Amino acid sequence: MNRANMKEFLSLDSEHLTVFVPSNKAFLKIPDDKANRLMNGDLIRQVMGAHIANGTMRYKDTFRYGEVLRASVDQIYIIKQDGNLYVISNNVKARVTTADIPATNGVLHIIDQVLAFPYKSVAETMADTAYLREFYEILSLDPEFLSQAKDETTNISVFAPSEGFLMTIGREKMKDIKNDFQVIRKIFAGHVVQNSRLDWKYLRSRLRKKCVIKNQFNISFKIFRNNIGGIYVDAGFGMQRLYLINPAIGCSNGIIYVIDGFLNYSPFNLIEMIDKETSVSQISTLVTDALTDISDQFLNDEGKFTFFVPGNMALKYHSLEKITSILQEPVYERSKLILRHLITDHILPLSELSTHRLSNLMRKEGMEVTKDKKGTYLVWKGIQARIIKANILASNGIIHVVERFLLMNDKERSASHSSTNAARARTLHTIPPRLHTTPVEFVIPRHHKGLPESHSRPVFATPRITTPRLAGGHSEYAITSSAHRPHAARSMNGRLVLTVMLLLLLVFTNRWQQT
């Protein structure tokens, strides 16, 4: 559709149109060198088509938040915010300044931006947007990022932590970040994807499955839907919710998404991260107090820990009073429980968890990792704790939130005792009574004690029952004389000596009385 055809289309009384018309000021905002691009026939058709929704005549009051209108080109998203009406196309957001201008074949709404034509670079957008400026100040300290953010010949995708999140870090830690180029480089590597424009138009056809793309640092960025429809981005640690429409800002050389935290870096230590984690909020103070009483290493940035912290769901298995009493026991008793959930000197993300690694690193028998369709479980002595949130990064380790403590509750303990008693009863029932009540007489050769073979003596002993061995459908029992056991033989010899001495004492006493 060329300009003449577009004019004819907009003049047809048979059409029902909703048109979002950029104001004169909207066009004047565009720098001349970039405005000249609109002279390109293909581009102007795409831009004009992105402003027209045909087949519908919509007034301001009829729009719903999150509604999608099918435009001649792409889609138009409706956002209501702070009493204003906004429209978004190709991640360019415009505010409706004048609404509900009637026409014979539709309704016009005046907007303050040209949709589908982002004209600011990533660098310009971040510098001019208040809630992106703080993060831009961090990344711009890396000359390579600054060059990429200004380059109009390529595209980059930036995942920017929000201003609200960065304010929680504090001035001193923020100052430390800006003074450490290795940290700046790490943040750059974990939040920018080069040579890619991961906008909504690109992603919506790929989110049926997980979308994975690597950047120049070989870090994999995974964008996916969870079970309830939310969209997330994960760069190995610190999975964050991703809003593909708003707030997401299209740029002339890329796109910027606003997220609620860092993806591969944390300025907070293990204790601070547990305190901030909402899925642990109901018992976080008890857990952090127990950790700091054991060691202050959890407050240092130099350590390496993997901690399986029980979340709020633990209250389904143990009452708050029970958890409080356990975590306030003497340090030694408390440490046994805490260390059951802790790996020291190693940071293990979810992908590296296995039974072999846990048994080696934790040095605890019976510690296992199992997986099924519902997730990954930490297992200790039959107790299963499902990992409900993984890979929460701290400056000195990583946190996996599990649904419960690796500790039996009263109901499980009662069931375990009943099972043990039943097993013992079954074992005793299978042992014939005569085997452990009737002495057996047999001869043990003396050469077992190093004496000549000609010397032998009868021995009476109660047989010792060992594990049954099935042979020909019947149980066989290994019977062992006490003579085969040195400590038993010594006990018999001692009783014999004592008996002889008593007899001698009686004899001497009798003779003394006669004299």
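1. Helices here are DSSP runs of H or I with at least four residues, and strands are runs of E with at least two. Counted that way, the protein chain has 18 helices and 25 strands. Please keep in mind as you read that this is a predicted model.

2. The protein chain has 515 residues, and 42% of them count as buried. Its accessible surface comes to about 28,800 Å², with 53% belonging to carbon and sulfur atoms. Among contacts with a separation of 6 or more, 60% are made by residues 24 or more positions apart.

3. Where does the largest pocket lie? Domain 2 (122-259) and domain 3 (270-414) both contribute to its lining, so the pocket lies between them. Strands E11 (220-225), E12 (231-234), E19 (375-380) and E20 (383-394), together with helix H12 (270-276), each supply at least two lining residues. The largest share, eight residues, comes from E20. By class, the lining of the largest pocket divides into 19 nonpolar, 13 polar and 13 charged residues.

4. Rolling a probe the size of a water molecule over the atoms shows where empty space is left. In this structure there are two cavities of 30 Å³ or more.

5. The lining of the largest cavity consists of Asp 74, Gln 75, Tyr 77, Ile 88, Ser 89, Asn 90, Asn 91, Trp 200, Lys 201, Arg 204 and Ile 245. Strand E4 (75-81), strand E5 (84-89) and helix H11 (200-203) are the elements that give two or more of these residues. Four of the lining residues are nonpolar, four polar and three charged. Since domain 1 (3-117) and domain 2 (122-259) both give residues to this lining, the largest cavity lies between them.

6. Which residues line the second largest cavity? They are His 318, Ile 323, Ile 326, Leu 327, Leu 337, Phe 405 and Leu 407. Helix H14 (residues 320-327) gives the largest share, three residues.

7. Two backbone angles are worth a look. Most residues other than glycine have a negative phi, and most peptide bonds are trans. Asp 100 has a positive phi, near 60°; this residue lies in strand E6 (residues 92-103). With a relative accessible area of 28%, Asp 100 is partly exposed. Lys 381 also has a positive phi, of about 50°, and sits in the loop between E19 and E20. Its relative accessible area is 58%, so Lys 381 counts as exposed.

8. One last stop is Thr 56, in the loop between strand E2 (52-54) and strand E3 (68-70). Leaving aside residues up to four places away in sequence, Thr 56 touches His 16, Leu 17 and Thr 18. Thr 56 and Leu 69 are 13 residues apart along the chain, and their C-alpha atoms are separated by 9.0 Å.

Methods. Residues numbered from 1 in each chain as written. Predicted model: local features only at pLDDT ≥ 70, side-chain atom pairs only at ≥ 80, totals over all residues. Heavy atoms only, no water. Nonpolar A, V, L, I, M, F, W, Y, C, P; charged D, E, K, R; others polar. Domains from an automatic or database assignment. Buried < 20%, exposed > 50% of the residue type's maximum accessible area, 1.4 Å probe, protein only. Contact = heavy atoms within 4.5 Å. Areas by Shrake-Rupley, 256 points an atom, 1.4 Å probe, with all protein chains shown as cover. 1 Å grid on protein atoms, 1.4 Å probe; cavity = no way out; pocket = protein on both sides within 12 Å on 5 of 7 lines; lining within 4 Å. Points joined across faces, edges and corners; volume = space filled by probe spheres on them.
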